[in-house]
Amino acid sequence: MKNLRILVVLPLYGGSLPIGRYAASALKSLGHMVEVFEAPDFNGAYESLKNLRVTGDRLDYLQNSFLNVVSQSVLAKVETFEPDLVLAMAQAPLNHQALKRLRRDGVTTAMWFVEDHRLFTYWKSFAPFYDIFAVIQKEPFISELGKIGQPNALYLPLAALPEFHRPMSLTPVEQRKFGSEVSFMGAGYPNRRAAFRELVNHDFKLWGTEWEGDHVLEPLVQMRGARVTPEECVKIFNATRINLNLHSSVQARELVTHGDFVNPRTFELAACGAFQLVDRRTLLDEAFADGELATFDSMEELLEKIDYFLEKQEECAEIANKGRERVLKDHTYQTRMAALLDFTAERIEGWPSQGNDESLFGADYPPELEGELRQLLGRLSLPEDVSFKDLVWSLRQQEGALTDLDTAILFLDEWQKLYAKRS
Amino acid sequence: MKHYLVIQLARFGDLIQTKRLLATLCARADARVHLCVDRSLAPLAGLVYPDVTLHPVTAHGTGLSGLQAIRAMLVDNREAFARLREIDFSRVYNLNYSGLNYRLAALFDPEKVDGHAWNNGQELITQWPSMAMRWSDQRKISINLVDFWGGYCPDMIAPEAVNPPAEGKGGGIGVVLAGRESRRSLPTDILARIMAATAQKSRAERVVLLGGASEFAAGQSVLKLLPAGIQARTRNLAGKTDWTDLVDTVGSLDMLLTPDTGTMHLAAHLGTPVHAFFLSSAWCFETGPYGAGHTVYQAVTPCLPCLETRPCDYGVTCLKAFADPSFIRFMATHKAEHMPEGMIAFESRFDALGQTYAPVAGTDPDADQRAKFRRFVLSHLTGMESGVSDLDTLFAQRIYRERDWIARTTSRRTALF
């Protein structure tokens, strides 16, 4: 597939935000020209509306108006960047009007819905407006999407970004700060709160948010329950002997729910070469084979396996290594994005359009500039067969005052738009 | 020493009309002024602005093949960009609303760019030019382009100091055959009649026809239409003058007859009296000749000023006044009663803001509103107390935007603390 221009639209906030960034990074590493719509930059203003102390209908009007401005900003970016694909992450700020406009203008759109469709039901309103709808669950979700007018649903599980989720040497200070025999990193959902009360006798650390109000667990919560950055997560994974990975549930009757989708932590831990104990999911077996992960089906089994694996360091390392190999082979964001693009090409007729973007070195550029142009491509991490259009956009993404060569290329592009195409 | 850069990538006339801004910068203490222009205009810029350091770049699209353009942009322009980048400019005035100007601004810290700037890939326009865009639908009361560009500097020199007062130089009459926009120029038969009348009245011994090579044929047509006596004294120089010849010729004339052209602005720069024909999209309050001692014959049909990019649905009715025999009579007598319908004769004047025009024949119904608008603009630029007119709130609502009030970054000009 040719190098594509892809606009990744991030959500204002939430769980799909880091995944959107990983997807953008993976698309770049696949050689595509990626532009990111930084919706989180708008979130502070959006949240501030909630502090107005006005009537509910007025707040509703203001929030809708604000989100309309954000949607229009995405459309403006599409008009300027002219992407082959708009990849929106779950909760991306594209309203119905904007999606209709993109469809009318022939812009191909994809949504990666990295949410549980049973809990997050807004997909019923938005799914038909996307050309491609990638999800992390299978049936009955995919059939339901078909019924409401979305024929192009793709099962696209979560993944890891090996450049980021990787084994890491920690300093003694970091090891002390982030390390423990057992830990959990994530939000304090009801099933986790109930489950982890049984672990208080271990060297156990709890990381993440929403753990407040539980006097049993509170002493175990690290960094006073502050949000943990993705970089800190990787350090915690690397520093912990047994990383617990209990999928979330909003109820506490069943602590191990045997749900379907596999959470991102599963892939991220494995990619770090970190040992994890993960609750069994219905879609886990097709992602990992026996020996690539250690799983549990019940609280009893979890407690037994913690005791067992604390004594079996070598076995832990062997499982973790196999898990890492499997992720590197099959479960990277690069493989996911490649699958998404292949699926899009298969389902959307004539996509991607075969534009006449001329390769930079195909053109008759002054030979004395070739060395400098190659250096420029290196500086911008662009392939040598990059098109002139993509080079121009890449220059436009740079910050601060530009060099004389950068400016000359931008100037040439604009001159060609003004004069060459006219003639 | 402080370095100032003006980027003016537009045409001949625009280059000359940048004079008040450039002269203001040159008048500052310890200033070195730089001008970035299209390469084709660099020789002219050198003649008009001898104290300014030129930085020619290829910006216009004339006559370049794709291959030549690539070399011009990536080798020649790049060298010019490298030289510009080496200079620590205190301020960059980037004047034209064009993608080329925005890209060129990428060389500089956006904080130092006034006009059309580039910040991390985003095109930005500063307040003064964006205000001008908003009054572009109020053209009848608009201000002169020379003053608009001068307005980038609150310390702009007095309008009287921009160009010398116009006076005849003894070298006869010059006639500019056409401007870039054909609808703004007079047809050859009308032009020939006006020329003949003017030449007879002034008893000019020498008449020269001026223009580019593409106007040579029009010049020959005009020649054929002239009375024999005048024809014998007339030379068609269209396409035969380089910039130096043009400056020498225009600078030697007693008078220049012209539509709204670059040569007209050159004449004003040189202090040669201009008699200008303004019709169609040409509106003297925007682009009239700058200085004292010039005359403008401005068509004033209800459809004016129109947009040159839109076709005329009225059969170019604004030409009728120039074709009216009484116009020739008016030129001979200067009596108001001979002025045809649909035209005002203006003479150039100054006010505190800059160039304006006072009617000597015909009625200017917009004069009062224009005067109030000019006071409003002057007050904005300089903070000068000029009272508040009954129209100030209306102007403020049209020309300012809510965001100017709400979200404007405080500029050095308005900062109190």
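Here is a short chat about the two chains of this predicted model.

Residues count from 1 along each chain as its sequence is written, while chains are lettered from A and ligands numbered from 1 in the order written. As the model is predicted, local features need pLDDT of at least 70 and side-chain atom pairs count only at pLDDT 80 or more, though totals for chains, interfaces and linings use all residues.

Colleague: Which residues make up domain 3 of chain A?
Modeller: Domain bounds here come from an automatic or database domain assignment. For chain A that gives domain 1 (5–159 + 333–347) and domain 2 (172–330). Domain 3 of chain A is 360–420.

Colleague: How many residues does domain 1 of chain A bring to its contact with domain 3 of chain A?
Modeller: The centres of these two domains, over C-alpha atoms, are 31 Å apart. Residues are in contact if their C-beta atoms, placed from the backbone, lie within 7 Å. Domain 3 of chain A supplies 4 residues, and domain 1 of chain A also brings 4.

Colleague: What radius of gyration does chain B have?
Modeller: The radius is taken over C-alpha atoms, and the globule rule is 2.2 Å times the number of residues to the power 0.38. With 417 residues, a compact globule would come out near 22 Å, so chain B agrees with its 22 Å.

Colleague: What share of chain B is buried?
Modeller: Buried means 20 or more other C-beta atoms within 10 Å of a residue's own, with C-beta atoms placed from the backbone. Of the 417 residues in chain B, the buried share is 46%.

Colleague: How far apart are the centres of domain 1 and domain 3 of chain B?
Modeller: Chain B splits into domain 1 (2–125), domain 2 (173–366) and domain 3 (369–406). Over C-alpha atoms, the centres of domain 1 and domain 3 of chain B are separated by 30 Å.

Definitions and conventions:
Two residues are in contact if their C-beta atoms, placed from the backbone, lie within 7 Å. A residue is buried if 20 or more other C-beta atoms lie within 10 Å of its own, exposed if 12 or fewer, and partly exposed in between; C-beta atoms are placed from the backbone.
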